[in-house]
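Please open the structure in your viewer and keep the selection tool at hand. The stops below say what to select next and what is there.

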Amino acid sequence: MAVGADGVGIGLIGLGTIGTGVVKVLQRNARVIEQRLGFPLRLVRVADLDLDTDRGVDLEGVRFDSDADGLIADPAVAVVVELIGGYDAAKRVLLRAIDAGKPVVTANKALLALHGREIFDAANRRGVDVAFEASVGGGIPILRSLREGLAANRIESVFGIMNGTTNYVLTEMEQTGEDFDVVVKRAQDLGYAEADPTFDLEGVDAAHKLTLLAAMAFGAELTFKEIPTEGIRGLAPIDFEAAEEFGYRIKLLGIAKSHRSDAAEERIEARVHPTLIPRSSLLASVDGAMNAVAVTGNAVGPTLYYGAGAGEMPTASAVVADLIEIARELRRGSARRVSPLSYLPTELRPKPLLPLGELRGPAYLRFTAVDRPGVLAHITGVLGEFEIGIESVIQKGRARSGQSVPVLMQTHPAVELALRGALEEIDRLDDVTAPTRVIRIEEGL
């Protein structure tokens with residue numbers, strides 16, 4: 001598809017928060033975009049079901065209606081942007097645009113994490129591009145860095161704070177000492193959390209993003225449902241106090257690592273859960289609604305990517321960056337950039353996941369136990385039977401006879417399966433009055 005003298009025509013489907021941001025970026029930065037491209041990006045059509053709400057942008061000269069199919073078929077539209085979110089309708093839009101031979105841009109990580117194989121296969125057959133930088137990390141160019149800047153590396157590990165809502169909640173709980181529900185309500189009032197923040201708080205959003213990162217880092221085909229995922233519900237102010245005393249901070253991390261050996265097939269470690277990380281770690285300094293991703297390559301070593309992981313303008317920045325990159329390829333007479341998932345489609349394949357039970361590392365444990373002599377000995381005795389050593393122990397406060405107190409413990413590195421077995425026995429002890437809280441510790445950050 002050649003680029004005309006009047007530039008590349010853009011069709012936008014979905015004029016919500018991010019779609020409105022895309023319009024703003026295209027309009028406000030039109031001059032600098034043209035200076036970089038040598039021709040303009042022109043917004044020619046917008047489709048949305050809501051035609052009445054004032055978004056605060058000027059659409060004069062832009063066809064604005066609810067006809068997504070008409071937008072896709074319009075010869076003036078060279079690139080289609082999908083920003084409606086969700087699964088079914090968004091999938092239909094992407095596949096119709098691909099079938100029409102038009103490259104597409106999306107920020108829909110949930111869709112790609114679930115149906116990515118079908119969408120990327122369709123694009124490969126049709127010879128068009130799928131660009132999705134905004135789907136992970138908002139305005140942080142982490143996907144482009146993996147696909148291009150780190151292309152010479154064998155990626156060894158990816159650690160990410162990939163959800164601004166959970167990072168805000170964890171930061172506020174640590175700094176204020178307030179309970180989880182209080183902080184979540186404030187996050188909703190401030191617009192950092194959705195009315196229903198389940199996907200964020202349960203770690204599902206981070207698992208969606210980790211699915212894409214694992215594909216780009218290791219050439220591994222996964223769906224997010226395969227990734228062991230644990231959210232931040234159940235954390236209490238005392239956990240943050242203990243983390244500080246032990247020298248850590250608590251972050252919800254998406255973790256992916258490559259495990260290779262000469263004798264066995266490469267296995268991928270992928271997991272999402274609250275994690276204690278050393279206070280000296282660069283990731284530990286990432287507060288509020290900010291995101292950061294640490295990537296280690298075998299040639300470049302450790303690298304860190306930091307910035308706003310969500311929001312109207314940061315996400316719109318990434319969407320428009322994809323449009324600029326696709327427009328450059330169209331000018332060259334191609335509808336394809338480098339492989340969207342970094343690896344050639346023929347090199348992407350399912351890779352076995354390392355079972356969670358095989359992981360080995362230290363852990364933080366919060367027991368709730370009756371405050372009387374001998375209870376701690378019972379707990380440590382069970383841990384000893386499973387060959388789990390103890391680094392340090394803190395008991396918070398004293399209780400009247402028969403009442404419970406928290407007992408906080410940091411273990412030496414132990415195999416996850418052994419730890420789970422020990423805790424099952426401990427939680428059955430008469431003197432242990434609530435399920436034990438476990439938070440894994442990552443030292444090498």
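Select E178: with a relative accessible area of 26%, E178 is partly exposed, a class that lies between buried (under 20% relative accessible area) and exposed (over 50%), using a 1.4 Å probe and protein chains only. The side chains of R186 and E178 form a salt bridge, N to O 2.6 Å; the term requires a side-chain nitrogen of Lys or Arg within 4 Å of a carboxyl oxygen of Asp or Glu. The model is a predicted one, in which local features need pLDDT of at least 70 and side-chain atom pairs count only at pLDDT 80 or more, while totals for chains, interfaces and linings use all residues. Residues are numbered from 1 along each chain as its sequence is written, and side-chain values use heavy atoms, with hydrogens and water left out.

Over the whole structure, the search finds 39 salt bridges. Select R42 and D6 for one of them: their closest N and O atoms are 3.3 Å apart. R42 sits in strand β2 and D6 in the segment before β1, 36 residues apart, so this pair links distant parts of the chain. Helices (H or I, at least four residues) and strands (E, at least two) are DSSP runs numbered from the N terminus. R42 is partly exposed at a relative accessible area of 28%, and D6 is partly exposed at 43%.

Next select K109 and D205, whose side chains meet in a salt bridge of 3.3 Å, N to O. K109 belongs to helix α5 (residues 109–126) and D205 to helix α10 (residues 204–218), so the pair ties together parts that are 96 residues apart in sequence. Which of the classes do these two fall into? K109 is partly exposed at 23% relative accessibility, whereas D205 is buried at 7%.

**Helix α6 and its neighbours**

Select residues 142–149, helix α6. Six of its eight residues are buried, so α6 is largely enclosed by the rest of the structure. The buried ones are I142, L143, R144, S145, L146 and R147. They pack against β7 (155–161), α10, β11 (290–297), β12 (301–308) and α12 (312–331).

Now show α12 beside α6. Their axes come within 11 Å and cross at roughly 35°; axes are lines fitted to C-alpha atoms, for helices over the stretch in contact, and angles run from 0 to 180 degrees between N-to-C directions. R144, R147 and E148 in α6 meet A321, D322 and E325 in α12, where contact means heavy atoms within 4.5 Å. The residues of this contact divide into one nonpolar, no polar and five charged. Here Ala, Val, Leu, Ile, Met, Phe, Trp, Tyr, Cys and Pro count as nonpolar, Asp, Glu, Lys and Arg as charged, and the others, Gly among them, as polar.

**Aromatic pairs**

How many aromatic pairs are there? The count comes to three, with rings of Phe, Tyr and Trp (its six-membered ring) pairing if their centres lie within 6.5 Å; planes under 30 degrees apart are stacked, over 60 edge-to-face and the rest tilted. Select F120 and F132, a tilted pair at 5.5 Å centre to centre with 55° between the planes. F120 lies in helix α5 and F132 in the loop between β6 and α6, so the pair ties together parts that are twelve residues apart in sequence. Both F120 and F132 are buried.

Move on to F246 and Y364, with ring centres 6.4 Å apart and planes at 65°, so this pair is edge-to-face. F246 is in helix α11 (residues 237–246) and Y364 in strand β15, 118 residues apart. F246 is buried at a relative accessible area of 14%, and Y364 is buried at 1%.

**Strands**

Select F367 and its bridge partner in β17, V407. Strand β16 (residues 390–395) also pairs with β17 in the antiparallel sense, over five bridges, and I394 stands opposite L408 in β17. Six of the eight residues of β17 (residues 404–411) are buried, so β17 is largely enclosed by the rest of the structure.

Last, select the open sheet of six strands in the order β3-β2-β1-β4-β5-β6, with parallel pairing. Its edge strands, β3 (63–65) and β6 (130–131), each pair on one side only. Within it, β1 (residues 8–13) and β2 (residues 41–47) pair over six bridges, and I10 has L43 in β2 as its bridge partner.

Technical notes
Pairing = 2+ DSSP bridges.
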